[in-house]
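Hi,

Here is the structure I promised to pass on. Have a look at it first, and then read on for what turned up.

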Amino acid sequence: MNIQAPRGTYDVLPDQSAKWQEIEQKINDLCRLYQYKEIRTPIFEHTELFQRGVGDTTDIVQKEMYTFQDRGDRSLTLRPEGTASVVRSYVENKLFGMPDQPVKLFYTGPMFRYERPQAGRMRQFVQFGVEAIGSKDPAIDAEVISLAMDLYRSVGLEKLRLVINSLGDTESRVAHKEALIKHFEPSINEFCSDCQTRLEKNPLRILDCKVDRNHPLMAAAPSLADYLNAESQAYFDEVQSYLASMDIDFVVDPNLVRGLDYYNHTAFEIMSDAEGFGAITTLAGGGRYNGLVEDLGGPESPGIGFAMSIERLLLALEMEKVEIGQSNNLEVYVVAMDETTKKKAFSVVRDLRMNGISADMDFAGRKVKAQMKSADRKGAGFVIVIGETELESGNVALKEMATGEQQEMAFEELAGTILKKKSLEE
């Protein structure tokens with residue numbers, strides 16, 4: 001029986017995992033610099049969380065969630081995104097009571113959406129996201145955006161485009177909603193069934209429709225920018241000012257609409273302009289969600305965040321021909337001449353590892369020549385060959401593979417010598 005991975009999932013094999021590890025390390029380092037702390041939430045949550053938090057008019061809730069009944073007849077859902085779970089945890093664990101606000105959090109982990117698999121978009125995918133909850137300062141909006149841009153820059157991406165918009169406060173959105181209904185209602189029968197449902201509940205989502213995006217009424221739709229009240233416009237102007245102060249280039253797009261119901265005020269997306277990336281160029285997206293904490297049972301706590309797909313990031317690296325995860329970390333390969341010297345080789349490998357030195361040896365019973373080829377394939381920095389002569393004398397030659405130079409020393413001196421050479425290189 002040939003069992004394969006389910007459609008829309010994949011295995012990260014050893015030749016690719018080094019790339020993931022490098023990205024994850026850069027995430028951890030960057031979040032430490034920005035003082036965002038890691039949070040880990042369950043992979044599945046009560047379905048109601050996403051219905052209330054993400055919005056029951058969204059494609060995610062209506063079409064894409066993996067929902068099931070557990071043995072207690074409770075409706076549970078594999079998380080399709082991270083913000084709702086983080087906010088649920090923020091409320092449940094009363095993080096709003098912490099003395100330092102906003103609470104700055106980040107997460108990395110698998111998410112699940114039932115949609116057509118394509119390049120960089122899978123049914124199980126990994127998201128990195130940050131949430132800053134407890135501040136309505138436009139400066140924190142700019143900080144969140146800069147963190148996302150900094151991560152892409154840190155891995156070597158250059159062909160990036162930041163697009164921002166303001167979705168306004170409640171007053172602005174209500175005025176815009178009424179204008180959208182008036183605009184689309186006479187011809188709503190020409191639109192897909194989803195858009196017809198959205199007309200009364202959330203007409204802003206019509207603008208994000210993939211089916212009817214080329215309909216003439218889309219281009220002529222009332223712009224939210226024309227309905228921003230003075231307070232919303234002032235807030236958006238401040239966000240732009242902070243981005244400009246960090247020399248972060250951006251484009252204001254009045255048609256940018258995020259696909260989740262909880263967004264208001266600042267919304268943004270980061271696109272790849274790399275050649276060959278494909279029609280869907282979005283790498284990351286996020287925005288402000290004032291009101292979400294209250295919707296999930298907490299006190300007034302405005303927030304902002306973003307999420308990015310690691311798979312999409314890897315695709316962008318491929319399109320820009322940026323190589324990561326190539327660093328070799330095998331420092332020493334120990335060759336045993338025969339079975340009588342294998343235990344000594346095993347002991348040397350153990351001692352090197354205990355001193356923080358990456359070491360390996362043969363476990364397939366290969367001849368010396370084949371072991372040397374293995375050391376070369378693995379990119380070993382040094383090679384040690386142990387035969388009867390080395391056992392009798394207590395000395396061994398440490399060969400540097402890059403230069404061919406050899407240095408003889410006692411077995412007890414190996415670890416210290418290698419560590420000294422490492423410190424000189426650093």
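First, a term you'll need: patches are made of residues with over 30% relative accessible area and no salt bridge, where like charges are joined within 9 Å and nonpolar side chains (Val, Leu, Ile, Met, Phe, Trp, Tyr) within 5 Å. Accessible areas come from the Shrake-Rupley method with a 1.4 Å probe, and for residues only the protein chains shown count as cover. A salt bridge, in turn, is a side-chain nitrogen of Lys or Arg within 4 Å of a carboxyl oxygen of Asp or Glu.

Before the findings, some housekeeping. This is a predicted model, so local features need pLDDT of at least 70 and side-chain atom pairs count only at pLDDT 80 or more, while totals for chains, interfaces and linings use all residues. Residues are numbered from 1 along each chain as its sequence is written, and side-chain values use heavy atoms, with hydrogens and water left out.

Now the surface. Ile-43, Phe-44 and Phe-68 make a nonpolar patch of about 260 Å² there. Phe-44 sits in strand S2 (residues 44-46); helices (H or I, at least four residues) and strands (E, at least two) are DSSP runs, numbered from the N terminus. With a relative accessibility of 44%, Phe-44 counts as partly exposed. The scale is this: buried means under 20% relative accessible area, exposed over 50%, and partly exposed in between (1.4 Å probe, protein chains only).

On to the inside. A nonpolar core is a set of buried Ala, Val, Leu, Ile, Met, Phe, Trp, Tyr and Cys residues joined through side-chain atoms within 4.5 Å. The largest one has 46 residues, and those with the most contacts inside it include Ile-23, Phe-128 and Phe-306. Helix H5 (residues 138-154) gives the most to this core, with nine residues. Another core, of 30 residues, lies apart from it, and Val-91, Met-111, Leu-167 and Leu-228 are among its members. As for Phe-306, its contacts (heavy atoms within 4.5 Å) include Tyr-107, Phe-128, Val-144, Leu-147 and Phe-268, not counting residues up to four places away in sequence.

Which residues of H6 are buried? They are Ser-172, His-176, Ala-179, Leu-180, Ile-181, His-183 and Phe-184. These buried residues pack against helix H7 (193-201), helix H8 (216-219) and helix H9 (230-245).

Ser-232 belongs to H9 and is buried, at 0% relative accessible area. Leaving aside neighbours within four places in sequence, Ser-232 is in contact with Ser-166, Gly-168, Asp-169, Ser-172 and His-265. Gly-168 also turns up in another pairing: Ala-267 and Gly-168 are 99 residues apart in sequence, with their C-alpha atoms 9.6 Å apart in space. Ala-267 lies in strand S9 (residues 264-272) and is buried as well, with a relative accessible area of 0%.

Most residues other than glycine have a negative phi, and most peptide bonds are trans. The peptide bond from Gln-101 to Pro-102, however, is cis, with omega near 0 degrees. Pro-102 is in the loop between helix H4 (83-92) and strand S5 (103-112). Asp-247 has a positive phi of about 60 degrees without being a glycine, and so does Lys-321. Asp-247 is exposed, at 69%, and Lys-321 is exposed, at 72%.

Last, the charges. The structure holds 14 salt bridges. One of them joins Glu-38 and Arg-40 at 3.1 Å, N to O. Glu-48 forms another with Arg-52, with the closest N and O atoms 3.7 Å apart. Why are Glu-48 and Arg-52 separated by about one helical turn? Because they are four residues apart in helix H2 (residues 47-53). Asp-360 pairs with Arg-353 at 3.8 Å between the closest N and O atoms; Asp-360 is buried at 18%, whereas Arg-353 is partly exposed at 42%. Salt bridges that share partners also join Glu-45, Arg-88 and Glu-92 into one network.

Cheers
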